[in-house]
Amino acid sequence: MNLVTSTFSNAFINITRNKLINFLSLGIIAFTLLIFGLFNYITFSIDKMTQDFSRSIKAIFYFHEGVSQGDIDQLISRAKENLLVKNVIYSSKSQAEIDFSRQFPELKYILSEFNESPFPASIEIEFKPEYTLDTKIISFIEEIEKTNIVESKQVNVDWARKMIAFKKFISVVGMFLSLILIFVSVFIIFNVIKLNIFYRKDEIHVLRLVGATDWYIKFPFIIEGGILGFCGSILAGGLLFGILKLFPAYAAYMYEIVKGMIDFENIPLHIFLQLIGLGTLIGLFSSYVSSRQYLKN
Amino acid sequence: MIEFYHVYKHYIGDQYALNDVTLSIQKGEFIFLTGASGAGKTTLLKLIFKEESPTKGQILVDSTNISLTPPKELYKLRRTIGIVFQDFRLLQNRTIFENIAIPLVVRGEKKSVIEKQVLNVLAMVGLTHRRNYIPMHISGGEQQRVAIARAIVGNPKILIADEPTGNLDTELSIEIIKTFERINANGITVIIATHNTYMMDLFPKRILKLEKGILISDTTPAARAS
């Protein structure tokens, strides 16, 4: 108990002893973690959006005029049998007219000009999300399109693919940037602890000669690094929250462009927990390496 | 208690800090280690608590070959040795009480045990009234006594002092050596590095003399008396 108390009190004393250095390093750590957090959040948002999007990959096939119901039914059953397909919805000409009237009641009068529904019959094929990236979807769509009863098609597969590719790109860039920022944080804490060790070298020398174990000497520095990382990440988390909440209010024009990509309303807690966990780990790791290196010499 | 077998210590250059030193110190002995500046006194002391390692040779402390002790295990050796430095090495941001308590704190002793033992040694060195002072607010002689108290608070088997009277006047030096004698009377092996011949004449103890790293004489109290 005595050891634990003295370890933590030593760590806090160290922090208060070198206020300026610790304050500056805290600021730099918070800033680097903030950049990391921002990128992490953007990647998370795009990922979420892509997932939502890929969950509803659909292809609509419009039929030629005068196609028999038998041919349509045959195509529907063929589509339903395919493993890629989640659901098939048939919309007859009259159903298409009803849907149009429901969606655009103000344009309903146009339809009175026609004796029968001007809309073609169609089927909407919804694909299973796990096959979003499967090239078989493209082949399947082309196959359906080639049948002589299909006049045209409307698909969102390409868009989904582009989104996924974009997400991958962002993830790779984010990971690369994160690694650099993590390295920067490790480097800063490593050197701050090194300075603090240097500041206390006489004391460490005495401690070693009176029989302190290496862990007894190292532990306050490791805790100190952990506290710096933890506080830095809390600060970064607070700033991230502030930016995500204040951005819509102060950048209305930009907000319109990016609000489709980033959810500013529901900021998930795990982003902050990740940030705090990472910050603390960085602090503990770098101070451990720093103190270990000093004691080895 | 302490045995050196053909110990050499070589730093950079041609000069040996210690050159083929073989000696044996028994449990409970009081030793003066003497020689001119640069004779190798401090090096010899540092080899005992393994702040330095010998270039060649073997050193046994309390029947353990410390050359084989891994760095992680050194704390065990150092808990059996009390060290008093010439420059005291007291921590200026801690009180006298806290300075003396350090060896016990690092061992994880209970607060009550620390308090009892620190007050005991404070009384022994006559500094109970100074326990809440910080080192810079007490005299050099008192600081030396604090350093001695810190060295003995953990009940060491060996007490090593490097020029403990180097900065003190004769009267205070005598007082300090008397303190070491009292500690030695409790069975603790005491080794004092000094070139204060007056003190060595005043206190008839075994004297080991070094010259340019070579042990040139080993004089027992009996031999000195005769």
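How many residues from chain A and from chain B does the contact take? The contact takes 16 residues from chain A and 22 residues from chain B. Here, contact means heavy atoms within 4.5 Å.

## About the model

This is a predicted model, in which local features need pLDDT of at least 70 and side-chain atom pairs count only at pLDDT 80 or more, while totals for chains, interfaces and linings use all residues. Residues are numbered from 1 along each chain as its sequence is written, chains are lettered from A and ligands numbered from 1 in the order in which they are written, and side-chain values use heavy atoms, with hydrogens and water left out.

## Where the chains meet

The size of an interface is often given as the accessible area lost when the parts come together. Chain A and chain B bury about 1,600 Å² between them. Of this area, 61% is on carbon and sulfur atoms. Buried area is the accessible area (1.4 Å probe) that two parts lose on being put together, summed over both.

One salt bridge is counted between chain A and chain B. It joins the side chains of E203(A) and R94(B), at 2.3 Å from N to O. A salt bridge puts a side-chain nitrogen of Lys or Arg within 4 Å of a carboxyl oxygen of Asp or Glu. On the side of chain A that touches chain B, α1 (2-17) and α8 (201-209) of chain A are the elements that give two or more residues. The most come from α8(A), with six residues. By class, that side of chain A has seven nonpolar, six polar and three charged residues. Ala, Val, Leu, Ile, Met, Phe, Trp, Tyr, Cys and Pro count as nonpolar; Asp, Glu, Lys and Arg are charged; the others, Gly among them, are polar. Helices (H or I, at least four residues) and strands (E, at least two) are DSSP runs, numbered from the N terminus.

## The largest pocket

The largest pocket holds about 560 Å³ of space. Its lining has 22 residues. S6(A), S9(A), R94(B), E98(B) and V105(B) lie nearest the centre. At least two lining residues each come from α1 and α8 of chain A and from α3 (96-105) and α4 (111-124) of chain B. The most come from α1(A), with eight residues. The lining divides into eight nonpolar, seven polar and seven charged residues.

Pockets and cavities are found on a 1 Å grid over the protein atoms alone. A cavity is a set of points where a 1.4 Å probe fits but cannot get out. A pocket is an open set with protein on both sides within 12 Å along at least five of seven lines. Lining residues have an atom within 4 Å of a point. Grid points are joined across faces, edges and corners, and a volume is the space filled by probe spheres set on the points.

## The cavities

Two cavities of 30 Å³ or more are found in the whole structure. The largest cavity has a volume of about 110 Å³. It is lined by 14 residues, and V210(A), I81(B), G82(B), R150(B) and A151(B) lie nearest its centre. Two or more lining residues come from each of β6 (81-84) and α5 (140-152) of chain B. β6(B) gives the most, with three residues. The classes are eight nonpolar, two polar and four charged.

The second largest cavity holds about 30 Å³. Its lining includes N10(A), R200(A) and Y216(A). Helix α9 (residues 214-250) of chain A gives the largest share of this lining, four residues.

## Salt bridges overall

Over all chains, the structure holds 17 salt bridges. One of them links D99(A) with R102(A), the closest N and O atoms being 3.8 Å apart. Both residues lie in helix α4 (residues 93-103) of chain A. They are three residues apart, about one turn of the helix.
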